[in-house]
Amino acid sequence: MPVISALLWSAVVLLLSYRFYLNRIKRPLNYPPGPAVRLSPLQDYALLLLLNHRHLQRAASRLAHFYRTKVLGLFLAGLPTVIVRDGEIARKLLTRRELDGRPDLFLARMRQKEFRLRGINFIDGPGWKDQRWFFLRHLRDYGFGRRSEQYEQEMEKELWKLVGQLASGERYGYERDFMRDGGAVKCPDVFLVTLANIFLQVTIGERYDRERAKSLLVAGRKAMLFARNADDYGTIFTYLPWLRFVFPFTIKYSNIRSGMMGVNQLLETIIDKQLQAFDPNNPRHFVDVYLREMQNHVPQRNETTFQYDQLVLGLADCFIPSTAGAAVQLSMLLERLLLNPTVVRRMQKEIDEVVDSDRLPTLNDRVNLPYTEATIREGLRIDTLIPSGIVHRAQQTIQFEGYSAPENTLFLFDLDSVNNQPEVWGDPRTFRPDRMLDEETGMLALSKDRSLTFSVGRRECPGQTYTRNVMFLIVATLVQRFELLPLQSDRLPDLSKRQTGLMHGPEDFWVRFVPRRTSGAADQ
């Protein structure tokens with residue numbers, strides 16, 4: 001009996017050891033290098049949190065340096081995950097259709113009231129293809145990513161309102177939260193209403209007056225709340241969803257959830273208002289076109305396209321980057337300009353030589369303002385808004401660079417590392433707009449901009465052209481009309497205090513806009 005018992009116990013130990021080897025040590029054949037042992041239930045996600053919980057992409061970068069690899073292989077709570085940190089490899093992979101998939105992240109489900117997968121950015125399959133095509137095809141008709149004289153005129157009116165607001169100070173009660181005397185404003189809040197109105201002009205053909213724009217500020221702040229509490233790895237709730245019921249995780253969960261519901265609430269209010277005067281025979285704007293498609297579309301079994309909640313989340317996937325995302329990117333660029341006043345003076349000189357003082361810069365001036373455009377591109381490069389992009393899923397086993405990753409492997413692209421590769425940029429951590437210019441002509445050299453800020457391939461940011469246009473107009477207008485100063489002359493931005501959630505960016509900070517000259521029709 002003792003011998004039999006010993007044999008049985010030995011067999012149990014061997015089985016448990018083998019299972020431990022399979023789940024915690026064994027790696028797929030030709031899988032990229034990474035940690036050998038995975039002890040925690042979260043596996044390598046726990047290791048990332050331990051290394052740098054504020055910036056997960058930097059934790060992954062430390063591991064990649066340790067293993068001396070540009071392609072890191074991890075396991076996040078049992079999910080094989082590959083992190084690509086090289087620009088050349090990233091470009092090749094991002095254009096492969098096998099990687100067009102998205103995983104079923106709990107973070108993506110938290111965005112919808114009944115925890116359903118909706119929208120554009122976090123879905124895949126035929127539904128994603130249909131929605132992406134429809135949104136891009138019809139938004140372009142109203143100025144999204146395409147030149148439109150009427151739309152640009154409306155944008156100019158909105159920019160004049162921003163100039164007047166910065167020059168004259170707060171007028172309505174809600175503006176006191178982000179405006180003070182002396183031209184002091186809080187970033188990113190000060191940009192939220194302007195950016196939301198520019199987006200609404202595309203989607204519903206109208207904008208909110210300053211008097212009634214508080215709801216836009218609230219929704220923009222909600223979008224910020226979501227973006228600051230989520231992360232590009234899906235958050236811990238994707239791997240352990242039950243933690244949302246455990247304090248203190250309930251706080252982060254509530255912030256993510258309430259942030260997204262706040263954005264959806266604004267969009268539902270806007271859609272419901274448009275429904276009241278909807279005429280399928282005379283669509284007025286993009287929302288009407290989508291409502292007409294909903295009316296005409298006959299859904300197939302288990303199909304989730306062209307329905308009310310899909311419209312809400314599809315608009316939310318555009319609204320968040322167009323408002324909160326652009327506001328954060330503008331704020332990071334303002335920090336860089338505060339730290340580099342000679343760049344501002346050179347931009348002002350260039351703009352003053354090209355643009356008459358009685359008007360604002362337009363997209364037609366862009367070709368003649370190469371240094372201004374180069375400064376914006378350099379800001380987009382050095383301060384990557386979404387450091388790891390949005391996670392991809394391998395829809396089949398994929399071979400690349402001598403490695404192999406099984407079906408359903410998650411792929412994250414460390415865009416922050418790609419945009420700051422020393423072998424590509426030389427001095428990547430130096431803010432130097434001249435790197436985007438041709439040395440001989442001084443004109444913009446697009447071939448020199450090898451950044452991957454907006455990704456590439458079919459999953460690239462659909463709002464890239466729109467974002468570049470809006471940022472150019474806002475930055476050129478601010479630099480033309482104002483001197484940019486810190487709130488206190490002895491306190492410059494501390495870039496080390498930035499945080500990374502779904503988006504990378506600064507904490508709220510104050511800056512002063514002091515008028516350079518009379519702003520003309522500053523409050524149209």
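Among contacts in the chain between residues at least 6 apart in sequence, what percentage join residues at least 24 apart? In this predicted model, the share is 74%.

The overall dimensions come next. Along the principal axes, the C-alpha atoms fill a box of roughly 100 × 55 × 45 Å. As for charge, the chain carries 71 positive and 61 negative charges, whose mean positions lie 5 Å apart.

In soluble globular proteins, nonpolar side chains tend to be buried together. Here, the largest nonpolar core has 136 residues. The residues with the most contacts inside this core are Leu 48, Phe 135, Phe 191, Tyr 233, Leu 311, Leu 315 and Phe 513. Helix α13, spanning residues 308-339, supplies the largest share of the core, with 18 residues. A closer look at Leu 311 shows its surroundings: leaving aside neighbours within four places in sequence, Leu 311 is in contact with Phe 135, Ile 271, Phe 286, Val 287, Tyr 290 and Leu 291. There is also a second, separate core of 20 residues, and among its members are Val 71, Val 82, Ala 90 and Leu 99.

Note on methods: Residues numbered from 1 in each chain as written. Predicted model: local features only at pLDDT ≥ 70, side-chain atom pairs only at ≥ 80, totals over all residues. Heavy atoms only, no water. Contact = heavy atoms within 4.5 Å. Lys, Arg positive; Asp, Glu negative; His and termini not counted. Charge placed at Lys NZ, Arg CZ, Asp CG, Glu CD. Core = buried A, V, L, I, M, F, W, Y, C linked by side-chain atoms within 4.5 Å. Buried < 20%, exposed > 50% of the residue type's maximum accessible area, 1.4 Å probe, protein only. Helix = DSSP H or I, 4+ residues; strand = E, 2+ residues; numbered from the N terminus.
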